Amino acid sequence: MAGLNIPGVTDQYKTNDTVEKLMQVERIPLTREQKSLDTYNAQRDAWRDVNRLLSSLRDSTKTLYSFENPFNNKLTTSTDEYAITATANRSAEFQSFKVEVIQPATADRFLSAELENNYKVPAGTYTFKTGEKQLTFNWKGGSLKDFSDAVNKRGKNIVKTMIVGASAGKKTLLVEGLQTGKENQLIFEDASQKFAEDIGLVSPVRDTDESISFGKRAEEISAAPVKDFGDAKRMPSLSRSKVSFSTDEKTNAKSYVLEPRGAFKIDLPESVKQNKNLRVKLSFHAEETEDITYAINNTATAPEIPSGGFAEFGGIEIENFNSETLLKDQAVKAEPLEEIKSERILYALMKDGTEKLIPTRDVLTKDVDLDLPLEEYENISSFVIRNRNTGHRITVTNIETYNPAIKTGYKPNNAIAQAGDAIIKYEGITITRPTNDIDDVVPEITLHVHEKTEKPATLAVKPDTEASKNALIDFVGKYNQAVAEINILSQDKPEIINELEYLTEDQRDAEMEKLGIFQTEFSLSSIKSNMSNIITSSYRFSDEADVTMLADIGIATNASGFSGSYSQSKLRGYLEIDEKKLDEALENHLDDIKAVFGFDSDGDLIIDSGIAYKLDKQIGAYTQTGGILALKTSSLDSKIKDSEKRIATLESQLEVTEANLRRKYGQMEGSLSSLENQQNTISNFTKQQQNSNR
């Protein structure tokens, strides 16, 4: 009996193979179109790689001539980096200067007395202030740890606390203000003040801690010590008689008025000298007055006729007669005096008689208010005030000392640190600031104060040649990568890829697939040639320039020089770096290097020439929106889109064709199978008849 046959499934007559062979012929247009699509995709990816590498190179060139160029970077050094450092803006001048740190700016840090481990902080409204910032919150009462956590959670940039283990079973609370400067003292208000007093953090200020005023009466001042300033002999001497005492009827302010050439000394009370925590306040105001040299210069004086002298012989002394002259008793004008303008007004007189100048900068043009910490003037006994000026009247007011604790109404019991300003001396000038980051003393430079210096530190601003070198190395690397990609795409030479030692195996295989894909593409050879011309050209921005091209700083296609053997790789356009020559050029010709990459050739203050500028413009024509590479990829995008449509159409057509073939061959197979079954039936019937007739 014949076996069961299902057309198209059992494939008794190999119709599937027949259909597949017929379909292979039908698929030839599809296969051809798919290869075209693969080519289009590969070309688009290649153009994208070129665009990526050229864009990266362009970004690198921009940094070499823009305002952010590395040649403007400044590097600061300090001979005492533990105490003071600095950062310089790009506009800072190359310079060196000396800074002495008297003290860094500090914030209040108070420690409480020892507390029991189970100490409970009472409920209430707690307020902490530092400067203009304030923290206020309601506390329901609880453990010291929970209170500390609550303060730290809310007190950002204002106050923080920390629990410190003390003796066995005891602990203390550290409270710290988070703003430096004497005006940013830590202030406790509401429940915080009583809490601070209860735990021994602070104590109320006593009457003996109040400020002390002195020098409020004319009889409390005396003549200033004589000091030689090299003034002309005819210049009136500095005198206490030219100082008067006055009281403002409206404000009741007590003042000393120093007329031109007035001077006086005011002694500090013993109670002040013994308390180094005090500070001294005083103010200066200057006003112009008629210069005393005008009247002196218009006054005639009699000539000084020298003495006739004497002779001595044998112990006998004989005086000569004085010379007789017609000028005797006749008035003549002496050499005119020059007016004096001096900002050196205030001095600290020490116990040993030496004097220390206290700067009163710009005192002749604006009011000057001083707030001096006595601890900075150890062994001071008096203040000396001298008005050497011949055309300015100086008024001194508000001479008094005060205790900084007066502001808060209490003083710390265990102060680890107290709020204070940073005090530095810049080129001998004393400067105070509330912060340790000081940016208004040296133009374009920020000073960072850390600790007190033992001696003045020297800070220097130098060019950051390392940043410039790294930028140039980055530029050369990106230039070579772009050239390598252009070489691979435009030439069918495997050795080009083998020469690139930085490629991984996977990258090498990927580059091999792109090798020579654009051998006839003119735009690639054009941009390579243009970039090479820009790189090797000379740019004489100045007649005195020592550097006018890249080769002058050790960057060239053959920077390593002749090696004695022919190397094809040296002809492919890659740049090399002579590092020793580059380091020397950066050290000695940094401004020239900067100009070579970008300079203003026509005086309109806009960079319009140089290697980086021209490369930027050249590459921009390729990489910008609507540029050459964008047009290339856009054209390929259209081709890819059309190809994908054709492939979809062909695939649909092939599906219909294959279905028709399988249907027809299935029908044929079914017919053949039916005929075969009929033949088998007839054959079986014939055999049965033959067997019956026997």
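The model is predicted, so local features need pLDDT of at least 70 and side-chain atom pairs count only at pLDDT 80 or more, while totals for chains, interfaces and linings use all residues. Residues are numbered from 1 along each chain as its sequence is written, and side-chain values use heavy atoms, without hydrogens and water. Helices (H or I, at least four residues) and strands (E, at least two) are DSSP runs, numbered from the N terminus.

**Helix 10**
- Helix 10 has 15 residues and reaches 21 Å from its first C-alpha to its last, close to the 21 Å expected at 1.5 Å a residue (1.5 Å times one less than the number of residues).
- Its buried residues (under 20% relative accessible area, 1.4 Å probe, protein chains only) are S523, L524, S526, I527, M531, I534 and I535.
- These residues cover an arc of only 165° around the axis, so they lie on the same side of helix 10; the arc is that of the directions from the helix axis to the C-beta atoms.

**Helix 10 and helix 13**
- The axes of helix 10 (residues 522-536) and helix 13 (residues 611-623) come within 9 Å and cross at roughly 170° (axes are lines fitted to C-alpha atoms over the stretch in contact, with angles from 0 to 180 degrees between N-to-C directions).
- That makes helix 10 roughly antiparallel to helix 13 (over 145 degrees).
- Residues of helix 10 in the contact (heavy atoms within 4.5 Å) include I527 and M531, and those of helix 13 include L615 and Y622.

**Helix 12**
- Six of the eight residues of helix 12 (residues 590-597) are buried, so this helix is largely enclosed by the rest of the structure.
- The buried residues are L590, D592, I593, A595, V596 and F597.
- Their cover includes strand 33 (457-463), helix 7 (465-490), helix 11 (579-588) and helix 13.

How values were computed. Parallel < 35°, antiparallel > 145°, perpendicular 65-115°, else oblique. Buried < 20%, exposed > 50% of the residue type's maximum accessible area, 1.4 Å probe, protein only.
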